[in-house]
4 protein chains.
Amino acid sequence: MSGNSIGKRFVVTCFGESHGRCVGVVIDGCPAGIGLSEETVQRELDRRRPQSEQISTTRREEDKVQLLSGVFQGRTTGAPIMMLVWNRDVDSSPYEEYRWKPRPGHADYPALIRYEGNNDYRGGGRFSGRLTAAIVMAGAVAKTYLQSKHVEVLAYTVEVAGIRAKTLSNTSEIREKAAGNVMHCPDEEAAKRMEKAVAAARREGDSVGGVVECLALGLSPGVGDPLFDSLDADLAKMLLDIPAVKGVEFGAGFGAARLKGSENNDAYRVQDGRVVTETNNAGGILGGLTNGMPIIMRVAFKPTPSISKRQRTVDLKEMVDTDLEIRGRHDACIVPRAVPVVEAAVAVVLADHLLRLGL
Amino acid sequence: MSGNSIGKRFVVTCFGESHGRCVGVVIDGCPAGIGLSEETVQRELDRRRPQSEQISTTRREEDKVQLLSGVFQGRTTGAPIMMLVWNRDVDSSPYEEYRWKPRPGHADYPALIRYEGNNDYRGGGRFSGRLTAAIVMAGAVAKTYLQSKHVEVLAYTVEVAGIRAKTLSNTSEIREKAAGNVMHCPDEEAAKRMEKAVAAARREGDSVGGVVECLALGLSPGVGDPLFDSLDADLAKMLLDIPAVKGVEFGAGFGAARLKGSENNDAYRVQDGRVVTETNNAGGILGGLTNGMPIIMRVAFKPTPSISKRQRTVDLKEMVDTDLEIRGRHDACIVPRAVPVVEAAVAVVLADHLLRLGL
Amino acid sequence: MSGNSIGKRFVVTCFGESHGRCVGVVIDGCPAGIGLSEETVQRELDRRRPQSEQISTTRREEDKVQLLSGVFQGRTTGAPIMMLVWNRDVDSSPYEEYRWKPRPGHADYPALIRYEGNNDYRGGGRFSGRLTAAIVMAGAVAKTYLQSKHVEVLAYTVEVAGIRAKTLSNTSEIREKAAGNVMHCPDEEAAKRMEKAVAAARREGDSVGGVVECLALGLSPGVGDPLFDSLDADLAKMLLDIPAVKGVEFGAGFGAARLKGSENNDAYRVQDGRVVTETNNAGGILGGLTNGMPIIMRVAFKPTPSISKRQRTVDLKEMVDTDLEIRGRHDACIVPRAVPVVEAAVAVVLADHLLRLGL
Amino acid sequence: MSGNSIGKRFVVTCFGESHGRCVGVVIDGCPAGIGLSEETVQRELDRRRPQSEQISTTRREEDKVQLLSGVFQGRTTGAPIMMLVWNRDVDSSPYEEYRWKPRPGHADYPALIRYEGNNDYRGGGRFSGRLTAAIVMAGAVAKTYLQSKHVEVLAYTVEVAGIRAKTLSNTSEIREKAAGNVMHCPDEEAAKRMEKAVAAARREGDSVGGVVECLALGLSPGVGDPLFDSLDADLAKMLLDIPAVKGVEFGAGFGAARLKGSENNDAYRVQDGRVVTETNNAGGILGGLTNGMPIIMRVAFKPTPSISKRQRTVDLKEMVDTDLEIRGRHDACIVPRAVPVVEAAVAVVLADHLLRLGL
């Protein structure tokens, strides 16, 4: 039970189900006086909407946000901000079958056990990717706050179906190019190949995964709490809360395990009166605190578990092996739609940590 | 500020510094009636002590635990358990220099900024690997509780200096073999090569990193809280709180990003009246809940930042570039000593989650 | 900021403003499988509605609850329960004046300072008694859960305008008689005098306060957490969160300060195989834990600060003394409407504490 | 379980038992750079020590504080501050009898049930008044921080054994006079009568209770969090965590319930360019926020439950009625020793709330 809130000063509480009435969020702790409108939130929600039928679900939710508390005369009041989107384009018919025939790779089976059969299983209920709309709404508020602190969060696709984008170092270029294709990938050529790979997987009734990279720019040194509330730890927790994430790494990440100390340590130097590092293997975080360099993290997404290929599962009523063919509307690759979700998740954690410092 | 507590029902609060008087822990929420002695905790602390001068620091802390509250007549009372080890073999002399010449790869620089120069910088202070003694003490209590629930946590080295151990699937074999060498690696042949690589790095005044894998066995399905307190998210948070960790992955992890859905989904089948999966790409967790299969996670450790090779850094008083040679006693590879720390960290999170369920 | 959530396992988060779009609540941690309908919640909300124009505000809110998540097929799912009532009968016109002329006894002045003028001041905004609708909604869910544990919470008026009800010891009689009059007072004769006193105060443009007593029945011994989460401490916190509460006492309360130990100590004896106490000066709580006797607490409500008599205040723009006459629709005595709010508040805390025990 | 921590930014975790090895505290979240020494903490602990054999226990604990982490070169570092006092003058012999014959008015019986017989029952274990030493240690740190913000907390005895002190309004006079007698009562004549009443109760093998009043001075308007973390609610929670407290009230408190709105509302006026109120029935708090006037609260202490008079209790093994005579060393009146505890408790809450505001 519980577990639907996160944060200490910028506290996000999420409610709603995939096929229930709505999906929404309460944000407690947003400072008063910040300009906020439904349009700002809508813009982020729109980035999360399916952008191509080749890649994403054909469920067509308008996802028009309603901002129902905490804002007065266009500014936050310091009171809890409640926002929601209503569910409209719902087709729950296939889910009666999955209730007792758990879909491989989904939470159906553990959720059934956990809630003793009381969980709303329609559309994956509480475990649906649709819940990420709540994270995006919260992230829109967090980003608005971060902007006032000159902090930017920028996520983009770096790998899909084993196709890796080439590395770019100029953030303006990354931002611009990633916005220019449905894969949200700054390497346009790779983006095209990714798109083809996704379309091919869809045709086969299959799906593919990928990796999203995220930068956080503009943080001064010393942000983060020590030991158990390390900034990287809190980021990892939030990122692993996103459905389908199976790994997170910072800076050189798993690659750092193969470097020598003399290679991995980022040498300091003075540049324009500021302390910088020559490399950024640390990914901007040392001892759980920012060091003033950009935070870099990578997030691994598994392939969407909903595939139309026949799969082996069990009949939980009869306790026998059986087969399953999943109908319904699903994303052949969740990665492009995950890009704004990763940004939102990171923004929420950063807002929380800045507010912990009284900033 | 704050951030030195973790957990909701099994709450661990850590105190102490590398070169202060002591390092210790308060555990609040351990159920009453569990047999607990200093010997049990000592056994785990001893596993964390340096086992070879080739690999580890020559700082020789006896690390004799004192159990100072919460236990009466050999059993936990339900009251907070306070335990500590005293610091004795302390040599703070080199650290005066590092105060204004931050060591690359260490938290010196962000900590100085964060605490406005008030932090205890000796031996890395609050950011020292010595703090992991507190995690190990807490883990010893968590493991004792988990044992009563038939849950086992088992960590071991799978990669050091780019040398990968071959994969074993039999957990008894893993446990036994990993206990048999200083690298805590179940592949004895790889362990020898790892040991040599560490010794070579030490001779060069350098260091190496690696990867620890950890299994959690015996958990029934449905453990974990939804959305923001997903079991994998809480594990990742705790693991990234361990100094030098730069990445965490579950099951197929980053590799899952390269699989198709049909490859990555773990098919269910009935075995001996229980639901099992044929593969375990999920690493035992779906939707943040256990699915009854072993939890598998991998943790990437960067090479120890303390190397004796000369490094470039800055003089923060003069704000000019300078050089630094680190003296003191350090681990050329932290990985083997991290193995019991990873186990402890995982045990603490699992104990917390079982207790959240009222188990 | 923040502060709009309470509870550790039964977590209540409140949103909305007096004159905003809605007032609502998210409950995280309610166990799955509990029968819950809008009707159950509505019944409690209806008890909070004004029952007499002599006593209460003429603002007429229908307060029809909408249950928008966390319930499926008539039962709780274990997911967050979101409920709200829409605001409809809103007249914000007088509040423009109060913005800079703070109403004595209201939160206008400290709220203006705290939120630097960004707070929604209409109708008292976040500090309005209307927020108690959220507590009542949460309490309705808590009560439903408590019923399944055979725990009952019963509040009633024991004092208004200095008129004290005579003490009854039979809880059935208390319940029945308190339900029979608009003052929710089990002493019918006193209730009539209270009603007259309130009406008289209203005619004078004034208001009166009073005391609500609350019983919690059916709790087994040992409920509560030690030291900082004492059951009485958590109850007191929740009760003081209700607007207009200025004091809380348990059992003999302030009167205990005048007794000798030999008078105040409740002697134990065995009755029907159970341990009971002969008196209940402790009010059912010893060392922060239930002792198996009924919990008894009393809650002091100040007179409604909104009175139509002319009052002295300041003009915060000019920083000069001035006068103020409050228009709008207000309760001449909040006490009867506070009775279901006290019950709800107590129910929320008890549900939380039972769930902490895994019950 | 758990419950041994309090606070959100200034987090106090308490450990230890009455007859265990020690009683101590960890403070997480104290800002870095505050001058702190063992002497400062000792001064507060000494105020809590028994000052007269006529009134208090003859247990003679030196209570020499050891400050074991979080302070470096005489200043706080931002790391957790751990402090403890060792238990030395322990006589556990009588407690074997009470284990199964619960002392009326003590937590013996509910604690036995709660911890299924595993609790450390010696000296009341975790439920002993000795635990207040931990609160006093935490309070000493909180007061040091508050001093830097020009906030003062001042508690004193206003009633013992039914004898009420006359009301003084000059805080310097209160401070000075209360420090001048063992009852910590600003009315010297009443203090003498109180002292006699306590001595008389002791001679009869009995005990008396009383009321402590506490002021908090120097807080600017707007301190406190809305709704569930109201400042008065958090103060009440902390005060009810002190053993033997049965009631808390703010400002006019229960008396406010008998006033009319026109009498109880505190009229505003401008004085020396500041907004003040003419009366302070609100006790400095409106809507859970400070209004800039002194906070005034009163705390009711029951008579010490430990009396040497024979009392009726039960034999829990045989489940029959029996008698009990309590031996051991106890306070005939806890009130004077509670004065520094109340101050400490209030200081901890105020420090926490100021830090929440980033002050």
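I took a salt bridge to be a side-chain nitrogen of Lys or Arg within 4 Å of a carboxyl oxygen of Asp or Glu. With that rule in hand, I found 12 salt bridges across the interface of chain A and chain B.

A note on the ground rules: this is a predicted model, where local features need pLDDT of at least 70 and side-chain atom pairs count only at pLDDT 80 or more, while totals for chains, interfaces and linings use all residues. Residues are numbered from 1 along each chain as its sequence is written, chains are lettered from A in the order in which they are written, and side-chain values use heavy atoms, without hydrogens and water.

I picked out one salt bridge by name: Glu159(A) meets Arg258(B) at 2.7 Å, N to O.

Next I looked up polar contacts (a pair of N or O atoms within 3.5 Å; within protein, one must be able to donate a hydrogen and the other to accept it, and residues adjacent in sequence count only if both atoms are side-chain atoms). Between chain A and chain B I got 47 residue pairs, both at pLDDT 80 or more.

Then I turned to area, meaning the accessible area (1.4 Å probe) that two parts lose on being put together, summed over both. The two chains bury about 8,200 Å² between them, with 60% of it on carbon and sulfur atoms. Phe228(A), Lys246(A) and Tyr268(A) supply 11% of the area that chain A buries against chain B, more than any other three residues.

Last, I checked contact (heavy atoms within 4.5 Å): 107 residues from chain A and 107 residues from chain B take part.
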